[in-house]
Amino acid sequence: MNKVELLAPAGDLARLKTAIVYGADAVYFGGKQFSLRSRASNFTNEDIKEAVEFAHSYGRKVFVTVNMIPHNSDFEGLREYLQLLQEYGVDAIICASGAILKLAKQYAPKLEVHISTQQTTTNTAAIEYWKRLKADRIVLGREISLDQLNLMIPKTDMPLEVFIHGGMCANYSGRCIISNFLTNRDANRGGCAQSCRWNYHLYKDQQCLDNGEYLFSLGSKDMCAIEYMQPLLESGVVSLKIEGRMKTAYYIASVVKAYRMMIDDYYENGKISDEVYNKAYKLLKQVSNRDTYEGFYGNEISTRGQIYNFVLTASQTFLANVIKYDPDKGTAVIEVRNNFSAGDRVCVFNPKGDNNEFDLGELKTLEGEQVITANRPMQLLEIKVPCEVSEYSFIKGVEE
Amino acid sequence: MNILTCYRPGFSLEALKERKVTAVIVNGNGFSSFDDATDIKALKEECEKIGLKVWVRMDCLYEEKEIDDVRRYLHYLDEIKVEGVMFTDLAVNEIALQDGLSFKRTYTPETLLTNTYDVSLLCEDMDYCVISQDITLKDIMEIIDGNRDRCMLRIHGPILLSYSKRHFISAYLKDKKDEYRDGYYLIEETRTNKMPIVQGERGTWLYGNVLESLSEIKMLNESPLAALIIDNNLYGESYNLAVIDLYNAVAEGKIDHDEAYEKLRELDPEIGYTELSNVQESWLDKESA
């Protein structure tokens, strides 16, 4: 049985390494040009080369997003860029333009070409178009329900990829220029201002229909398809994709680990056990900063997916990154991210295994000064740890 | 000028013909953003009598379960010999190719046709493409030059800002109704622009200002465009006819574009306009340009 691929996002090289160490089968990211998510750090050419070497050393794949909807001037340097990606050993590009696909097939034929969700492919007849152009995979529109997916898969031999987690466009991806219109920032070339999440007054003729509690918004809750994992694993899709190139390493680690556990459990035991589901659910819940729902996987066009009066909330469970581990002394240098104090109950979050809880002992600066409360973000402190940690470990708070 | 314009029930075909319109665009029943329940066969016969062609608008993305219905509908349109179909979903083109349907095919995804090369590639498989509205006039002219007689351009009408499967108005009003069509609009809380919004069974369409090309019409008319589209689907017949008159008058040199613009503003002072040549680095409306 071919195992489904878990595909994770990466905003920079550090997050790419985290995603891979925590169990992603493939990672996608953008270069400095030709990609959406312009506010993500994105990768220099040297980063891409290192990313490929790192991923391939773990037997994982690297996909580079070339998914802007290009204007004429955007084609300058594109051919050379595609050739460079091929030379570096990138496994695939994700693009939203037939012209880019054609360029890749002509000048960098070793690259697979995946058609981006920006094309909003929602049926097998549309897939046929991309098949004729020799696309290697289709990332389906996020509007596909599980029933529709199950109708599609027997009718096509095109490998299909679907989203399972992360931010949702309010509109069909690629079919939205609200940001261009209201802010001069072109969403289809990486400048989305998320104007869909703004507040609007709704009118009918001259009558204002504001409901008195909150204003109208197009904003969407995030997707969390945890309830649909088993049927998705059974469906025949080749790849399950996590959205979030702008997210932190801690978020990536948590989400990848959660879905990795479920996928592995399914392949080992034929189903996802309640125990694994509950652990995954808890991990995902801890890093959510918006309400979530199942996306369009249910059959209804749900009105539950909307979010109003939206305020982004940051996870408070993430306390520090581990920077360095000294196995002889059993100490770690950590980088402070959220407040905590000596004596707090915390845990180590590692790529494998359960969280390892312990009471924090002394907190010391690298100069040896004692600190009672760590409340300076990015400050480096030394702590004693009860187990092996690595640069990919995190220190988390323990929820009551 | 080869002008295509929208048709909704009650519009006078003769009035359109008098204004040198060559074809009407009618909403495909059950397969478009507006479902006007137009009898397209009867409309086709009426149009034929006065020398108007009929294009059918299918501006939706379709689910797998609908593909058989889409196929049946396309066969029906082929049987009644409509001039062509304007579609948003590539599925329409594939079905027409697979089944050897003979109507003309125009791809109008609104936001995706932003360069010469994609349009050229698509035109290998279909008759025409409608160029996106969110690109500069310079880019538009390059695309037209690189794809002579294969491009259509929406020169007047509300700019489609987004298309969603979601039922935004129902969700906000906590109402189970599927349809909210005429007269609904949004105003962003810190701005004044009215943004028309239409919700139907197939989702929600949000529009911005009306794009106008009075200053550019002479140049566009002389360019190798296949057709100019005046698409005031959201507004009434009298507005649509008056707009066509203004473009004809400017193209024929009867009035200059500034005078035409003043007259345009008088038609409905509530409508905000964006000039085609202002779609550059910014999207300014005419007043703030």
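User: Happy to be looking at this one! Which strands of chain B each supply at least two residues of the lining of the second largest pocket?

Analyst: Welcome! This is a predicted model. Its second largest pocket holds about 660 Å³ of space and is lined by 32 residues. The strands of chain B that each supply at least two residues of that lining are β8 (184-188), β9 (195-200) and β10 (203-212).

User: Let's turn to cavities. Which strand gives the largest share of the lining of the largest cavity?

Analyst: The structure holds seven cavities of 30 Å³ or more, and about 200 Å³ of space lies in the largest cavity. Its lining has 15 residues, with R57(B), D59(B), E110(B), R154(B) and D231(B) nearest the centre. The largest share, three residues, comes from residues 151-164 of chain B, which form strand β7.

User: Is T108(B) buried or exposed?

Analyst: T108(B) sits in the loop between β5 (104-107) and α5 (116-123) of chain B. Leaving out residues up to four places away in sequence, T108(B) touches M86(B), F87(B), T88(B), V130(B) and R154(B). Its relative accessibility is 5%, and a residue under 20% counts as buried, so T108(B) is buried.

User: With which side chain does that of T108(B) make a polar contact?

Analyst: R154(B) is one of the residues that T108(B) touches, and R154(B) is also among the residues nearest the centre of the largest cavity. At 2.9 Å, the side chain of T108(B) makes a polar contact with the side chain of R154(B).

User: Over in chain A, why is helix α1 described as largely enclosed by the rest of the structure?

Analyst: What covers its buried residues includes β1 (5-9), β2 (26-30), α2 (45-57), α9 (249-269) and β22 (394-397) of chain A. The buried residues are L13(A), R15(A), L16(A), K17(A), T18(A), A19(A), I20(A) and V21(A). Helix α1 (residues 13-21) is largely enclosed because, of its nine residues, the number buried is eight.

User: Which residue caps the N-terminal end of α1(A)?

Analyst: Just after α1(A), G23(A) takes a positive phi of about 120°. At the N-terminal end, a side-chain oxygen lies 3.2 Å from the backbone nitrogen of A14(A), and the residue that provides this cap is D12(A).

User: I like aromatic rings. What kind of pair do Y277(A) and Y281(A) form?

Analyst: A search of the whole structure finds 30 aromatic pairs over all chains. For Y277(A) and Y281(A), the ring centres are 6.1 Å apart and the planes are at 20°. The two are four residues apart in helix α10 (residues 274-287) of chain A, so about one helical turn separates them.

User: Which ring does the charged end of R142(A) sit over?

Analyst: Chain B has the charged end of R181(B) over the ring of F34(B), 5.5 Å from its centre. In chain A, the charged end of R142(A) lies 4.2 Å from the centre of the ring it sits over, that of F163(A).

Technical notes:
Residues are numbered from 1 along each chain as its sequence is written. Chains are lettered from A and ligands numbered from 1 in the order in which they are written. This is a predicted model: local features need pLDDT of at least 70, side-chain atom pairs count only at pLDDT 80 or more; totals for chains, interfaces and linings use all residues. Side-chain values use heavy atoms; hydrogens and water are left out. Buried means under 20% relative accessible area, exposed over 50%, partly exposed in between (1.4 Å probe, protein chains only). A polar contact is a pair of N or O atoms within 3.5 Å; within protein, one must be able to donate a hydrogen and the other to accept it, and residues adjacent in sequence count only if both atoms are side-chain atoms. Contact means heavy atoms within 4.5 Å. Rings of Phe, Tyr and Trp (its six-membered ring) pair if their centres lie within 6.5 Å; planes under 30 degrees apart count as stacked, over 60 as edge-to-face and the rest as tilted. A charge sits over a ring if NZ of Lys or CZ of Arg is within 6 Å of the ring centre and within 35 degrees of the ring normal. On a 1 Å grid over the protein atoms alone, a cavity is a set of points where a 1.4 Å probe fits but cannot get out, and a pocket is an open set with protein on both sides within 12 Å along at least five of seven lines; lining residues have an atom within 4 Å of a point. Grid points are joined across faces, edges and corners, and a volume is the space filled by probe spheres set on the points.
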